[in-house]
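Dear colleague,

I am passing on the structure below, together with some notes for a first reading. Please look through it before you go on to the text that follows.

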Amino acid sequence: MSEYLLLLLTTSLVNNVVLAQFLGLCPFMGVSNKVGSAMGMGIATTFVLTLSCSAAWILDHYLLLPLGLGFLRLLSFLLVIAVLVQLTDMMVAYQSPELHKILGIFLPLITTNCAILGVALLTIREQLGFVEAMLYGFGSAAGFTLVIVIFAGLRERMALCRIPSAMEGAPISFITAGILAMAFSGFAGLA
């Protein structure tokens, strides 16, 4: 039980997919203007990432490896992720049309989010069991959600501040992301 908790803590805080592994930076910078849209993107990513890690593990261990088709791993994982993103897109459009409108193009772009594919491939590389792979995906997604929501809150606060004109927009966002990454590096002593 403690090993599962440690896995969740290390994937969400210590080896954060955005701040430590630099995966998923596109939605991190693109959808983090408002906390509401960041939370919606985080929830959608959590759903897709958890299911894609689970499905990728099953696909790899019960189909690709037994048939000697390991060379199709990347292609088959992309197909699984694309299907899961389409299902998520349809579900969000049905459940919350307002959130679907806010997320716009970034929701279908979860398919090209390198964090999704990267974490699915990392679960295979780390040779995790099924439960560990699912927890690895969930922990990574929880870390992604935590970071994107914190960053969106910081960006909302910065919108109310007077910032020098040379620093407005992307420069101050990258500096803030760097400071956030340094803050999260303090969690390295946990595991």
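A disulfide is a pair of cysteine sulfur atoms within 2.5 Å. This is a predicted model, in which local features need pLDDT of at least 70 and side-chain atom pairs count only at pLDDT 80 or more, while totals for chains, interfaces and linings use all residues. Residues are numbered from 1 along each chain as its sequence is written, and side-chain values use heavy atoms, with hydrogens and water left out.

Cysteines

The sulfur of Cys 53 lies 13 Å from the closest cysteine sulfur, that of Cys 114, which is too far for a bond. Cys 53 counts as buried because its relative accessibility is 0%, where buried means under 20% relative accessible area, exposed over 50% and partly exposed in between, with a 1.4 Å probe and protein chains only. The structure holds 0 disulfides. Cys 26 is likewise in no disulfide, and the nearest cysteine sulfur, in Cys 114, is 8.6 Å away.

Aromatic rings

Rings of Phe, Tyr and Trp (its six-membered ring) pair if their centres lie within 6.5 Å, and planes under 30 degrees apart count as stacked, over 60 as edge-to-face and the rest as tilted. There are 4 aromatic pairs in the structure. One of them joins Trp 57 and Tyr 62, whose ring centres are 6.0 Å apart and whose planes stand at 75°, so the pair is edge-to-face. Trp 57 is buried at 11% relative accessibility, whereas Tyr 62 is exposed at 61%. Trp 57, Tyr 62 and Phe 130 form one aromatic cluster.

With kind regards
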